Each structure stands twice: as C-alpha cells, then as structure tokens.
Amino acid sequence: MAFCLVLFASGCGQDQEHAHDGAETEAEHGHPHGDELEPVSYTIYTDKTELFVEFKPLIVGETSSFAAHVTRLGENFTPLTEGQLTVSLVKGDKGIRQTVQEPRSPGIFGPALQPREAGSGYKLIFDVRSGDLTDRIVIDSLQVYPNAEAALADTKETAAPMGEEVPFLKEQAWKVEFATKQVTPQPFNNIIRTSGQIMPAPGDEQTITASASGVVSLAGNDVIVGSPVKARERLFTISGGGVAEGNIDTRVREARTDFQRAQADYERAKELVKDQIISQREFESRKAIYENAASAYRTIAGNYGPKGLSVSAPQGGFIKSVLVSDGEFVEAGQPLASITQNERLVLRAEVPQTEASQLANVKSASFKVPGGEVYDTENLNGRLLAYGKSAGADSYLIPITFEIANRGELIPGSFVEVYLRSASLPNALTVPVSAIMEDQGTHYVYVQTAGETFEKREVKLGASDGINVQLLSGVRPGERVVTKGAYQIKLSSASGEVPAHGHEH
C-alpha cells in the first residue's frame, strides 16, 4: 500500500501531547542473535482498546514497518475490522505520520515510518477511528537511533518470568470468547458457603380445593404444570358422575329444594305478619331460614352448569402442581392444584452454628442454580428477611432467609449453592471464577505479560461468592489476568503448536 510521510508544521505537535488517561504501558525487547535486530513490542490498554504493536527499533533513514494489532474491548475482545489508524512520531513540535485507511487483515494495521533525526524523548502516537470509536494511544520516551550498531548496543535483557510462559496469538484470541481484566485491590466480603432452597414467597402461592364431592374433570389439555392461568379461569369441573349419594348433583338438587321451600314459607309469612296471625319474632325466624337457604343455594349453584360444578383459579399465575387425574373421585376440601404467581420468591439457607457470629454481618448473597448460572440477591431486588437466633432441637443449623424477585427462570423448590456475604475485606485481589483453572488440585491463572505471551501462575484462593474469587498469592496488583479463554490457552499450550503469525516488520 502506498503511503506518504508528512512533516508537521510548527505548532502541530501541541495536539500530540496527551496520552489516554489510565493507559497501561509495557515494553518488551527481544534478544538479538548476532547482528540481527529483533523487533520491540508494546502492549497498551485504554478503556476502549488494546494496542499490541511490533516493529524494529527506529533508525534514521530506515523504514520501520509496524504490525499494529487493535482490539476493541468489551464483554468479549474482538478485532477492529474496519476504520483507519494514524501513527505519528513526534518530538517537540515536529514529526512525521502516516494514515492507513483499513486493516490489512482483521485487527491488524500495517503503517510505516522513516525517522529523519536521531535522539531520545520521542512520542509514538496511534490514533484509532472506526465508526463511533475514537481512541489515542501514546508510547512515551522512545529512542531513534543513528544506526543499527547503536540500536544493538542498547538492547536490554528482560526479567525472568514468574511462571511458565505460553504463547497465544491475537489471531487465536480473536476466534474465541476472550477477555482479560486488570487486577486491582477492591472491597470484597468474607463468604459463608452453604446450601439452600428456593421457595414461594408467603401469599404468592394458593391451593385450589374441591368445594364438593364428585368426579373431577380437567377443563382442557392445558391444565398442566407450568401453564399460565388468569384469575377466575375455569380449571376443573366436578360432577355427580353416577355416584349414588353425597355428590354435587344431589347437593344442588337438595339446595334448590330447600331454597324453594324456604322462599315459599317466607312469602306466606310476609302476609301473615301483616294480619298479625304470626308474631314479628316468628316472621324474623322464617326470614333468616330463607336467607340462609338462598345463600347456600347461590354458593353451590353459582358455578354449577350442565356439566357440573366449575372450579376456577383464585389468582393469576402459573400452575405449580396438578394433584388429581381426569375422572378421579374427590372429596369436598381435597386439594386439586396449586397456583403460584412466581413474582417473589424466598431463598432459605441454613448455616452451621460455628458461623453464627458472622450472620449479623450478612446483608446479601449470591447463589448458583442447577446448571451453573449464578445470581445475586442485590441484582434481584432482594432483601434479608430474617435469620435464626438459635438452633432447633432437632438440627444444629441456623436458618437465614432472603426475599428476591423472580425474573422467570428461577424454579421454586430448586436446591442451590449459597454464598453469604459477611465481614468486609477492604483490599482484596479478585478475579471472575471463570479465570481459575485447576489441575490435580492445583489452581492457576494465565497472566498476560506481553501482547501475545501469558504466564501460567499458580495461585492460592481465598473467599468466593460464586461470581468472583479472592487471590491470596500468585498475582500482583496491576497485572492482567485472562478471564475468558483460559481453557483455549491451556489447549494451545498442550498441543505445543503455535500457528503461523503472518506479522510483518
């Protein structure tokens, strides 16, 4: 690709002075073999991008080609597949620059510069533009050498690694779910790990019972566990079904007869009391008998139709359980089904007495459901309801209960792993649980030491809330740990093969 070198006009360098806030810088020099100059590399993070750049030492009059790998940060790190990159070499108010309009392959740009004057204190500035992404990355205190001999003489040795070094190229990382995180001291909590169960919240679940004896029929094929229902929706029908006595059909006939008889007696009593043939007290007695018979008849016949007595849902929600079968005979008061709204749930855990002193500090928790997904009570609008102040006579465990919102995927009755957060740990080094690898009881992580180099570091683990885990040793503050893609690095190192790089210098 053709390129041009532009000499900055006086004053243009003023805009080149600002490095990205919070950038991390790291330089690695290769070891020369004979008189051959090895490339230098820098790995720099901003809050938007990672730049990993390789190039030969800058020498006056010689063109230096850059292999600039630009990664867009996010939940997963991805290559910058479009946009332009401008590289500038600046000292004071003068410099040279080149812009390439697109990457030569996904994530990799290939600009080149030819320095004109030797000296120290140069800035190498990379300006990234791609859609709504703009970023600036600055490498400070760069040396431009007068010749190759001076560059060779300035080669520095690198520090010995703390652990086993593993190569993992950008081209490999971009093909998988991959991310890293800078480890910094931050507040964490001591964790009480225990087991628990998710249960319906009080008042959130209701049981439907048979209001009469008879043969039960399901209202349709959708009366099954998990089906949504509306309030007052018909779910069952109870009919006599040929039962000799005590069934709903018999009760309706009896109630109708009692009501009609009481009604006729009441109408006569209204005329008799006018003529003072019966006393007012007798009239009130007959009126009460009528009203009771009418109420009983309306209650039993209100939901009675040609097929029998309809039984409806008392509230909207989901069918949690169906306790009868189609055609089964049921007694009055027998449970037929349960309806749950599943809007609020209760997380109940039980803690050994040895942890009782920690419960006063517990305000939140995380829990892992079957299948491995982890939830946080704080993210579920949860609150601590109560914890036991003593153990029961038949158990040495102390209960603690949270109320949480149900987002639809939590199932009442599920048993879960619970991580109760207790006393605060003010300056803990933590990483996501996904960063931790294990080999025959030994835990380790991969620490990024250069753009495409990682160290396998043995670590000692502390508290874990199921989402993050405390590192007690093995990693220093400020280092970057692989949080996604650690398993792929392990597989790559086990194969012993490194794919062709394809970088140009």
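This is a guided tour of a predicted protein model, stop by stop.

**Stop 1: the whole chain**

Show the protein chain as a cartoon. Its secondary structure comes to five helices and 37 strands. Buried residues make up 42% of the 505 residues.

**Stop 2: confidence**

Colour by pLDDT. The protein chain averages 83, and 85% of the residues score at least 70. Next, select residues 1-34. Here pLDDT stays under 50. For this stretch the model has 84 contacts beyond four places in sequence.

**Stop 3: a pair of rings**

The structure holds eleven aromatic pairs. Select Phe55 and Phe66 and show their side chains. Why does this pair count as tilted? The ring centres are 4.8 Å apart and the planes stand at 45°. An angle under 30 degrees would count as stacked, and one over 60 as edge-to-face.

Where do the two residues lie? Phe55 is in strand S3 (residues 49-55). Phe66 is in the loop between strand S4 (64-65) and strand S5 (67-72). The pair therefore ties together parts that are eleven residues apart in sequence.

For a contrast in angle, select Phe367 and Tyr375. Their ring centres are 5.7 Å apart and their planes stand at 25°, so this pair is stacked. Both Phe367 and Tyr375 are buried.

**Stop 4: the largest core**

Keep Phe126 selected. Phe126 also belongs to the largest nonpolar core, which has 27 residues. Which members touch the most other members? They are Val53, Leu89, Leu124 and Phe126. In soluble globular proteins, nonpolar side chains tend to be buried together.

S12 gives the most, with five residues.

Now show what surrounds Phe126. Leave out residues up to four places away in sequence. Among the residues that Phe126 touches are Leu51, Val53, Phe66, Leu85, Val87, Ile137 and Ile139. Asp135 and Arg136 are touched too.

Then move to a second, separate core of 21 residues. Its members include Ile192, Val351, Val362 and Ile400.

**Stop 5: charges over rings**

Select Lys456 and Tyr444. The charged end of Lys456 sits over the ring of Tyr444, 4.4 Å from its centre. Next, select Arg480 and Tyr45. Arg480 lies over the face of Tyr45, at 3.5 Å from the ring centre.

**Stop 6: two exposed loop residues**

Select Glu117, in the loop between strand S10 (112-113) and S11. Its relative accessibility is 57%, so Glu117 counts as exposed. Leaving out residues up to four places away in sequence, Glu117 touches Val60, Tyr122 and Val144. Draw a line between the C-alpha atoms of Glu117 and Val144.

Now find Ser357, in the loop between strand S25 (344-352) and strand S26 (364-368). At 63% relative accessibility, Ser357 counts as exposed. The C-alpha atoms of Ser357 and Ser422 are separated by 9.9 Å. Along the chain, these two residues are 65 residues apart.

**Stop 7: positive phi**

Most residues other than glycine have a negative phi. Ser141 has a phi near 55°, a positive value. Its place is in strand S12. Ser141 is exposed, with a relative accessible area of 64%.

Last, select Asn381. Its phi is also positive, near 55°. Asn381 lies in the loop between strand S27 (374-376) and strand S28 (383-387). Its relative accessible area is 60%, so Asn381 is exposed.

Methods:
Residues numbered from 1 in each chain as written. Predicted model: local features only at pLDDT ≥ 70, side-chain atom pairs only at ≥ 80, totals over all residues. Heavy atoms only, no water. Helix = DSSP H or I, 4+ residues; strand = E, 2+ residues; numbered from the N terminus. Buried < 20%, exposed > 50% of the residue type's maximum accessible area, 1.4 Å probe, protein only. Phe/Tyr/Trp six-rings, centres within 6.5 Å; stacked < 30°, edge-to-face > 60°. Lys NZ or Arg CZ within 6 Å of the ring centre and 35° of its normal. Core = buried A, V, L, I, M, F, W, Y, C linked by side-chain atoms within 4.5 Å. Contact = heavy atoms within 4.5 Å. pLDDT = per-residue confidence, 0-100.
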